[in-house]
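The stops below are in the order in which to select them.

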Amino acid sequence: MRYLPLTEADRHAMLAAIGASSVDELFRDVPPAARRSGPVEGLPGFAGELEVERQLAAMAAKNIAAGSVPSFVGCGAYRHHIPATVDYMVQRGEFLTAYTPYQPEISQGTLQVLFEFQTQVSLLTGMDVANASMYDGATACAEAVMMANRLTRRKKAILSGGLHPHYRDVTTTDAHFIGFEAVALPPAPKGGEDLVALVDADTACIVVQNPDVFGQVRDYTTLAQQCQAKGALLIVVVTEAVSLGLLTPPGEMGADIVAAEGQSLGNALNFGGPYVGLFAVKEKYVRQMPGRLCGQTVDADGRRGFVLTLSTREQHIRREKATSNICTNAGLCALAFSIHLSLLGEEGFTRLARINHAKAVQLADRLSGVKGVSVVNDSFFNEFTVTLPRAAAEVVEELAKRRILAGVPASRLFAGQLEDHLILAATETTTESDMDALTKALSEVL
Amino acid sequence: MTMNSQGRPSTPAGADSAVPETVTGNRGLQIEEALIFEQDSPGMSGVDLPAVPATPLRLGAVKPRGRVGLPGLSEPQVVRHYTRLSQKNYSIDTGLYPLGSCTMKHNPRLNEKMARLPGFGDVHPLQPVSTVQGALELMDALAHWLKTLTGMPAVTLAPAAGAHGEMAGMMAIRAALEHRGEAGRTRVLVPESAHGTNPATAAALGFSVDPIPAGPDGRVDLAAMEAKLGPDVAGIMLTNPNTCGLFERDIRAIADAIHGAGGYFYCDGANFNAIVGRVKPADLGIDAMHINLHKTFSTPHGGGGPGSGPVVFSEALAPFVPVPYVVHDANGFRLVEGAQVENGGQGTEVGRMKAFHGQMGMFVRALSYILSHGADGLWQAAGDAVLNANYVMARLQDTLSASFEGPCMHECLFDDRFLKGTGVTTLDIAKALIDEGFHPMTMYFPLVVHGALLIEPTETESKAGLDQFILALKSLAERAKEGDVAYFQGAPRLTPRRRLDETAAARKPVLRWTPASEPALAAE
């Protein structure tokens, strides 16, 4: 087996040094009834690279790769062009195969990356500080709510109907099991929610999303003030990080906590994961923040260096008193995010955002010209919602047969609701011919 | 002196071996690297983008933002930045990384290649299921392997990491208790040797944590455990093999006792790599166990993630899985993903734990690893992991102080009795080991012994590599016993940075770069 360096001679010599007659003897503490005498039956034996490649490539070939067809699928995961440098750098073994940087003297690479990542996330979100990343945007959202509970000593969250339903569901799952109240409003593609009116003395936070799940962009400045005046925190969720290159950032609107998905930068679609959760807060809240943090310090020779810090919040020190049970971040995905953003720089990032927006404007205008299609949004970033004269799920299925991925039927996210609503995204990867193909196919099936 | 073809000496001449001070602060291949924010060429970009199409903005009431504050660099500058940073990291590709309980084994590059097949890497999670049948087939195939290897009837692939898996398992236990009308069971037994995530998970879910002491043999004290059982006990969270590297001999009795008391058995599977393919956890009487794909199945740790933590369930807990999950019928594969689970679900699911369908990129890597090994390869891998750990234990037990009698499983535990009276600590030994070219072992964990040194070599280390590590540790132990305290306290000396001031970092946290913080903090 190619991954195992011990030879038979090594094994014999090592057993002799141990004083055991066989490897099986080393398993003697396992109850005899549970100790197997040989490999598990009914499973295949070892395979060479070529054979494994064949098996997995056969499965991969049964999927339609989004980049191989016109694709307009978004809703929390976006297909962007990833510069070749990103994937090359993240595969350097020193990044790929390192553990959590618990030994800072030999982990300065990972640590400096995290410090730069925290700075980048702070800048993008317009917040004071950010942590070293979370599992994904949805878990970051739930952690933000629990952090608001700790900070306000209240136990109710109000979730806007514009919040991505997966984020809502992760939060309500935690609410049930961890013991707080989450009031989720019904989907509101046209907005008009009066969230502040729902804030009472037990409300810890309001959770809104920008752009919301239907693509609408919103200014939450007034909401932040009204919410905070009632002693509750405003949590702003962002599922499309590229939007932060064009829109007023949540920090400037007055958000207390930002929970975002960073996949759009540096990370491929990967059928939904792994992605990278971004988590940023006002400075005064930092000691209640979940997740790993990297901080600057000096070494014994007085040189600048970086370490994991404030770990007295974390489970390996605090055990049952920790702020969260989280033990990992999304290290390599955060690295990919960071490299992509370093390549883009100020000029590239802001231009990328404007291109995304312009593509979506073009797409919306094109679709408005298709009979039966009506654009719901009056504002958006790179994603918007239309209504169709038929069930969107059927239309999407028919277009998939023509090898066009037409978007996300709202009914897939809001089970049994909004059946005629279709959510479509455009990015810098969307071409004129993609838009032609979509509008032509839509005119034919509607 | 030998000469090369240009007539120059081919062997070094000087006797001066002192490390010189350099003008740049660089030391040969170790190059100092400024923060990316300190390398700004305003207006520069490493990505060439087309002009922005001339369309009016449609942002409603929201204003376009002002400057973000990102630095501008060209592509070669960015490549050099990250290459230099990477060279300041130790990694499993560099050498032995014997972190106990962390399982730093070789990460095959085939797995990386497979995860990047466009049919996996470039597939959107919300594409119509008719266009992702191969992705669902892969999830189903991985689920089949995990169920077969553990003997358990159900699995969820949803959790994003081991600790997230613990959450899924303990939520299932809560849901099952609620379903039975026994929500009053709120006490969870957790051995003192447990990973910190176990008590943190239980506490987060509102359980009270009741610690069980270890017996003198490093295992759960069965009598002490039985004494804690009662009508308010929800279950036990037990790591097996445990964090002392020992198999819990009484595990069947523990399972019977907890079941007899009406509770459930959550097994922390962080150390499943020791027994994979050799012991089916189902035969041990467990109800739920998470499997860290980044440990047992070698998906890369990536400097701290992403992980993936599938959980296997017994019949009793199987109805209480989170969504989504894959089902298979005559029409192919489909996903049960709604929170309400109207179509085909069982109605007892605990809900959603993360966006989309789990860490797919990790599923591909793990299945690639599993298919490469096969059942016979996994058998051999677990055997070699245990053999390597026992070899290290046997060779070091006369020098260091082994905490418990062997055989151990995949890792061996020592404590700091061998350092008594030397003035040298476990931490000092670890730092000196860094200068010898090794990543240190896990230190000061588990908490059940003093000054713990927990060594997990894994099956992907050669005997020669282990012999060199053993030699280094033996000589360091000798040096400590000789009283060379200054040598240890000054270590490491040969690293990109020496010991860092963690107290200062925590006292006045600097968590991001700002233009203002730069001059003062960067001053030499």
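**Stop 1: a bent helix**

Select helix H12 (residues 331-368) of chain A. H12(A) spans only 42 Å between its end C-alpha atoms, whereas a straight helix of 38 residues would span 56 Å at 1.5 Å a residue. The expected span is 1.5 Å times one less than the number of residues. Helices (H or I, at least four residues) and strands (E, at least two) are DSSP runs, numbered from the N terminus.

This is a predicted model, in which local features need pLDDT of at least 70 and side-chain atom pairs count only at pLDDT 80 or more, while totals for chains, interfaces and linings use all residues. Residues are numbered from 1 along each chain as its sequence is written, and chains are lettered from A and ligands numbered from 1 in the order in which they are written.

Now centre on Gly345(A), where H12(A) bends by about 100°. The bend is the angle between axes fitted to the seven residues ending at a residue and the seven starting there. H12(A) is largely enclosed by the rest of the structure, because 32 of its 38 residues are buried (20 or more other C-beta atoms within 10 Å of a residue's own; exposed is 12 or fewer, partly exposed in between; C-beta atoms are placed from the backbone).

**Stop 2: two domains of chain A**

Colour domain 1 (66-81 + 346-445) and domain 2 (84-339) of chain A separately; the bounds come from an automatic or database domain assignment. Their C-alpha centres lie 27 Å apart. Across the boundary, 29 residues of domain 1 are in contact with 25 residues of domain 2 (C-beta atoms, placed from the backbone, within 7 Å). On the domain 1 side, H12(A) gives the most, with 7 residues.

**Stop 3: the chain interface**

Show both chains. Here 174 residues of chain A are in contact with 180 residues of chain B. H12 of chain A supplies the largest share of the chain A side, 23 residues.

**Stop 4: backbone details**

Select Asn210(A) and Pro211(A): the peptide bond between them is cis, with omega near -15°. Pro211(A) lies in the loop between strand S4 (203-209) and helix H9 (221-229) of chain A.

Ser133(A) counts as buried, with 32 C-beta neighbours inside 10 Å.

Finish at Tyr444(B), also not a glycine, with a positive phi of about 60°. Tyr444(B) has 16 C-beta neighbours inside 10 Å, so it counts as partly exposed.

Note on methods: Two residues are in contact if their C-beta atoms, placed from the backbone, lie within 7 Å.
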